[in-house]
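User: Can you walk me through this one? I'd like to start with the surface.

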Amino acid sequence: MFLWVFLAIQAIFLIWIIVGAASGSGTPDDCGTLDRQTCNDAESVGTAIGVGVIIFLWAAVDIVLGVTYAIYRFARRP
């Protein structure tokens with residue numbers, strides 16, 4: 001059961017990263033007074049920060065799941 005939950009969580013994070021990375025493309029009209037190059041650079045930086053936060057959360061959740069599974073396994077040992 002744990003394996004399927006773990007794989008489902010991994011799939012959710014993978015989809016989240018793909019959607020987050022793909023959402024970084026906007027139109028220069030969204031940037032107000034910034035020129036096109038500065039607007040594109042700002043969008044790229046924001047996308048990189050967002051994907052980095054998702055990766056950090058992914059690693060943190062994996063660590064919590066791993067520790068929880070280890071505690072569960074060690075508690076059930078005779």
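Analyst: Trp 16, Val 45, Ile 49, Val 53, Phe 56 and Leu 57 make a nonpolar surface patch of about 600 Å². Patch members have over 30% relative accessible area and no salt bridge, with nonpolar side chains (Val, Leu, Ile, Met, Phe, Trp, Tyr) joined within 5 Å. A salt bridge is a Lys or Arg side-chain nitrogen within 4 Å of an Asp or Glu carboxyl oxygen. Areas are Shrake-Rupley values with a 1.4 Å probe.

User: What kind of model is it?

Analyst: This is a predicted model; local features need pLDDT of at least 70, side-chain atom pairs count only at pLDDT 80 or more, and totals for chains, interfaces and linings use all residues. Residues are numbered from 1 along each chain as its sequence is written, and side-chain values use heavy atoms, leaving out hydrogens and water.

User: Which helix gives the most to the nonpolar patch?

Analyst: Helix α2 (residues 36-75), with 5 residues. Helices here are DSSP runs (H or I, at least four residues), numbered from the N terminus.

User: Take Ile 49. Buried or exposed?

Analyst: Exposed, at 53% relative accessibility. Ile 49 sits in helix α2. The cut-offs are under 20% for buried, over 50% for exposed, and partly exposed in between.

User: Switching to α1. How many residues does it have?

Analyst: α1 has 21 residues. Its first and last C-alpha atoms are 30 Å apart, close to the 30 Å expected at 1.5 Å a residue. That expected span is 1.5 Å times one less than the number of residues.

User: Which residues of α1 are buried?

Analyst: Gln 10, Phe 13 and Ile 17. They fall within an arc of 65 degrees seen down the axis, so they line one face of α1. The arc uses directions from the helix axis to the C-beta atoms.

User: And what does the face turned away carry?

Analyst: Exposed residues: Trp 4, Ile 12, Ile 15, Ile 18, Val 19 and Ala 22.

User: How many aromatic pairs are there?

Analyst: The structure holds 4. One of them is Phe 2 with Phe 6, stacked, 6.1 Å centre to centre, 25 degrees between the planes. Rings of Phe, Tyr and Trp (its six-membered ring) pair if centres lie within 6.5 Å; under 30 degrees is stacked, over 60 edge-to-face, the rest tilted.

User: Where do Phe 2 and Phe 6 lie?

Analyst: Both are in helix α1 (residues 2-22), 4 residues apart, about one helical turn. Phe 2 is partly exposed at 30%, and Phe 6 is partly exposed at 26%. Phe 13 and Trp 16 form a tilted pair, 5.8 Å centre to centre, 35 degrees between the planes.

How values were computed:
Helix = DSSP H or I, 4+ residues; strand = E, 2+ residues; numbered from the N terminus. Buried < 20%, exposed > 50% of the residue type's maximum accessible area, 1.4 Å probe, protein only. Patch = residues over 30% accessible without salt bridge, like charges linked within 9 Å, V, L, I, M, F, W, Y side chains within 5 Å.
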